[in-house]
Amino acid sequence: MRTSLFEVDRRMHLHPMAIPARVAEEGPSIIARAEGATLFTATGERIIDLSAGLSNVNIGYANAQVCDAAHAAMKALSFCHTLHGRSHPQIIELIDKLSAIMPASFRCFAFGVSGSDAIELAVKMALWHWRILGKPAKRKIISRRKSYHGNTIFASSLTGIPVYREMFGLTFDDHVVEADSTDWYNEGRPLSRAEFAQRLVDRLDALIMREGAENIAAFLGDPIQTGGLVQLPPDDYWPEVERLCRQHDILLIGDEVISGFGKTGRMFGFESFDFAPDLVVMAKGLSSGYFPISAVAIGDRVAAVAQKENSLFAHVLTNCGHPVGAAVALANIDVIEKHGLVARVADELEPLLRLKLAMLGRNPAIGEVRCCGVLGAIEFDLGRIDPAFGPSASEAVRDRFSQVALDMGVYLRAGTICLPMTITREELDEAFDILGNALDVAVTEAITNGARRG
Ligand SMILES: Cc1ncc(COP(=O)(O)O)c(C=O)c1O
């Protein structure tokens, strides 16, 4: 049976973010079940998940309360659309809960099914806002190099990572304006972090002048840039971005798809970095991956215009506002609150992660380690050992490190970590012991076996 599942997948499944010919040759890796912070493969191996799925499984796998809530909602109301003013108790209760955990300026919500469509919905809201106000020329969106905002066609254009557009060769260059990334390690040094922040702000100001504020609808950013490696913003960066947006009458869209629901040690990343977005996009941790659901929280300024509008809000996805998704999200937030998971991230997990990353960071192949809440990054820099090693050698050893770690029973993606907020102390200790060993193996191999230089 197992062999046949393997074969069916190998022959007929086009996997996302995979090289098809390679999967066809090697076959898939099948995960059969998961519990807490641990995955179990079809052949019974145990893997500690230091990626929390795709940075979405905030409360860990197989939480009984969430599973029961999904079951009950499915039995009560397996589907109900929310068009033309129709509603249902599950979505109303979720709205009530979201408004309670957000600042008082957010009292209007719209729903989607993924982070990507919610990003596009937030952009639509911004464009619609300016059209209603008689400023249709405000149609450009500023997003940042190296930021990931999703994979639908427009969200791919908002994503500042070219590989996501290259395969289909269609861009929205007239509408998307690229600002700088907050990647200090690779783009800021030798400036201090404070000098780097000043440069980012000065260049953003210049960019707004160049494009013309009268043409710019919104600035889109995730509080911590998580495309590629977790990039922490320098102090004062976000308050300054907000100041520029206010000064130039540009809406600020906060992409909380990753940072939302506790991962930074606050419920939302904008609270950790001290800024006030006009629109907040949430997905992933909203349901911890138990059901596909996303939302846009619409701040007073935009809501005041939208909710008085007398023309059609012509936006819909069949499954937006799905009752099961809403019930799951509600139970998920209840679990986060009941178990004090946000405080646990701030008081327990972040200090532990910081310490453990610092220990890995003693390896000379590591240029920098960073973390905020449960999000962490390991910046490989083989050039510190021998300047003949270029960036591609560092990338290769980073990938090898992830592979060796996986073979030893720990999953992480490309040098980034996202702990499930429920991971136990024992699991964390075990996982980092393994990471230490995997690092030694990968770096020793790279040096002794002649890593690619370049
Ligand atoms: C910051 C950010 N925004 C948006 C998205 C898109 O979310 P989804 O994959 O649910 O469409 C992602 C997905 O990884 C993300 O990390």
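Reader: Before we start, what should I know about the model?

Author: It's predicted, so to speak, with rules attached: local features need pLDDT of at least 70, side-chain atom pairs count only at pLDDT 80 or more, and totals for chains, interfaces and linings use all residues. Residues are numbered from 1 along each chain as its sequence is written, and side-chain values use heavy atoms, with hydrogens and water left out.

Reader: How many helices and strands are in the protein?

Author: Helices (H or I, at least four residues) and strands (E, at least two) are DSSP runs, numbered from the N terminus. Here you get 17 helices and 14 strands. The radius of gyration, taken over C-alpha atoms, is compared with a globule rule of 2.2 Å times the number of residues to the power 0.38. The protein has 22 Å, close to the 22 Å that the rule gives for 454 residues, so it is as compact as a globular protein of that length.

Reader: Which share of the residues counts as buried?

Author: Buried means under 20% relative accessible area, exposed over 50%, and partly exposed in between, with a 1.4 Å probe and protein chains only. Of the 454 residues, 54% count as buried.

Reader: Is Ser-156 buried or exposed?

Author: Ser-156 counts as buried, because its relative accessibility is 0%. Ser-156 sits in helix H7, residues 153–158.

Reader: And what does Ser-156 touch?

Author: A contact means heavy atoms within 4.5 Å. Leaving out residues up to four places away in sequence, Ser-156 touches Gly-150, Asn-151, Tyr-164, Arg-165 and Phe-168.
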